[in-house]
Amino acid sequence: MARYLLVRFFGFIFVIVTVSFITFFLMWSTPGGPFDESKMPLEGAAKANILKKYGLDQPFYVQWFKYMVNAVQGDFGTSFQYQTPVKDLFLKFWPNSLLLGVLSLAWSFPVGIIIGVIAALKRNTVIDYFITTFALVTSSLPQFAVIFFALAIFAVWLKVVPYGGWIDRTPDLKVLILPVLIFGMGTVGSLARYTRSGMLDVLGQDYIRTARAKGAKRSVVIFKHAMRNMLVPIVTIFLPTVTNILSGSIYVELGFVIPGVGRFFLLSIFARDYPMIMATVLIAATILSVTYLLTDVAYTLLDPRIRLA
Amino acid sequence: MATQTYADKLATPEHTYKSLTPFQLAFRRFRKHKLAMVGFVIIFIFFFMGIFAPVISPYPYDKTSIKVFYEPGKDPAHILGTDNVGRDYLSRVIWGANTSLIVSMSVQAFCLVVGLALGFMAGWFGGVWDYVLSRIIEVVGAMPGLMFQILIMTLLGNGLWNVIIAIAILSWPGWVRLVRAQVLAYRTRDFMEASRALGASTSFIAWRHMFPNILNPLLIAISFGVPGFIVAEAGLSFLGRGINDPVASWGKMLASAGDYVSSYIYMGIIPTVIIIIVIIGFSFFGDGVRDALDPQSDRATGG
């Protein structure tokens, strides 16, 4: 296990370094820079000065190396657009993304598992058919289309939620409910489908019949014997979902004007705010890689038959 | 008339059984799946609109007129109305299907070629190939998809081929992994060994023995992959990092409707409804394909 984790750790370092280098290269090769003002172009010397101040006059690999050395020490640079440390901006925006994500997870996971189990237990009935179709549709609908419909109905037509999101107000039920519902909707659908097929797999196993035959109650068999073996498919989908939630949803945050990480990533790209872009990508890539590792380790803990290779 | 034996009875036309190939059986299962047939009809219309856009679209996608913001039904010449610069909305919808079709099919074709070639190499030859590919896939897999697509689009600029590149670059690893897993599962099977022992070349084995076994999971993956690419294109165009003006795209139509939500809501409703119908059609179709090709999947066996 220790050896395995060590190998995976080096793999993780390699992945993060490569991803950061590619990100930096993409940003650096993009035409237009952060201080290319079209309205008030800076004088030659002034521009050279400001480029020097942010180290933008150096070759890109030097810039990348310096950025990474600082980032490892917890310094993600200073945002060009806000003139504040990126770390402070993250501390300001991330809680909003997290609030949205945690609330979505809090309703979508129980609901997804419960309706998946119900569908499996009532298989090939109207209830099963309804749930599987619902799950299929919700897990495939594009988020931005659903957001548009939600806004058109509830903000424009019924006027029950504000159109402007929570930029200028503390988040309350009115501004939270739609984003939380829509963000969690895709999870409900895919989780229900995973749970249903996993449950059907488990219920067909011999040990379930044995448990029933020795006289265990149906509910005990389902919750004690079957559900434990359902954890593998649930983990398969739980960790990617967590990643989604941690890195914020660009569409939901944009549509509902939520000051979160996803929305500010998009605005940073428009403004060529290199430190902001790098920080967001680095953090998202780190979360993704750690998630893969955790998923693999979780499999072995849940199912001793799975070995780490 | 002589007494009819049981054997004679079996020989009558209503008792002769035709043996069906697995594909015919799968097709029969698919036909029985009602939602899948609905999905098939939707996809058929989508393909028809996309392929014959130049013929069936009433106006060119970029033809403007002074009739701006005509709501659907206001002018019989524009059934779905016109947009903010007076372009016929029906034509934009039809040409949007064309854009979606080109993007999704190109990305799918790229992913298939790369997935089959690299996946086979990694699974069959293993060793250094497998190691290097696995590391590359790990790196691409750690890139947050939408963020990188936006970054790449910002670098390349808006345009049809750039959208295809941006989506394809981040989508291929899944297909390599799928093919590699199938190759690994089949390469040590007895019929493979037998074929190799009889002197079959690698390319013969790949085509004659490996490919048919990869085909089913690949077809299932395609039926869920194409709608994903359609959504990816519409999403990027919606964010303003996709198809260039004045080419039509459903995502772009929705984005430009954003400014007129309170006064001209039809501009947003039409593209949204179209995207939703097409995507639901694809998922019903994909569900049917999976049930038909994978008889072990739960609904087909009823268990």
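**A walk through the model**

A:Val257 lies in the loop of chain A between helix H11 (250–255) and helix H12 (261–271), where helices (H or I, at least four residues) are DSSP runs numbered from the N terminus. The model is predicted, and local features need pLDDT of at least 70, side-chain atom pairs count only at pLDDT 80 or more, while totals for chains, interfaces and linings use all residues. Residues are numbered from 1 along each chain as its sequence is written, and chains are lettered from A and ligands numbered from 1 in the order in which they are written.

Although A:Val257 is not a glycine, its phi is positive, near 50°. A:Val257 counts as partly exposed because 16 other C-beta atoms lie within 10 Å; a residue is buried if 20 or more other C-beta atoms lie within 10 Å of its own, exposed if 12 or fewer, and partly exposed in between, with C-beta atoms placed from the backbone. A:Lys159, another residue that is not a glycine, has a positive phi of about 55°, and its place is the loop between helix H6 (143–157) and helix H7 (173–203) of chain A. A:Lys159 is exposed, because it has 9 C-beta neighbours inside 10 Å.

In helix H13 (residues 274–302) of chain A we find A:Ala285, which is buried because 26 other C-beta atoms lie within 10 Å. Apart from its neighbours within four places in sequence, A:Ala285 is in contact with A:Ile16 and A:Val19, and also with B:Ala142, B:Met143 and B:Pro144, where contact means that the C-beta atoms of two residues, placed from the backbone, lie within 7 Å.

The contact between the chains takes 35 residues from chain A and 34 residues from chain B. On the side of chain B that touches chain A, H12(B) gives the largest share, nine residues. By class, this side of chain B has 23 nonpolar, eight polar and three charged residues, where Ala, Val, Leu, Ile, Met, Phe, Trp, Tyr, Cys and Pro count as nonpolar, Asp, Glu, Lys and Arg as charged, and the others, Gly among them, as polar.

Within chain B, helix H5 (residues 89–125) and helix H8 (residues 160–186) pack at an angle of about 35°, with their axes 6 Å apart; axes are lines fitted to C-alpha atoms, for helices over the stretch in contact, and angles run from 0 to 180 degrees between N-to-C directions. The residues of the contact of H5(B) with H8(B) divide into 24 nonpolar, six polar and one charged.

Note on methods
Helix = DSSP H or I, 4+ residues; strand = E, 2+ residues; numbered from the N terminus.
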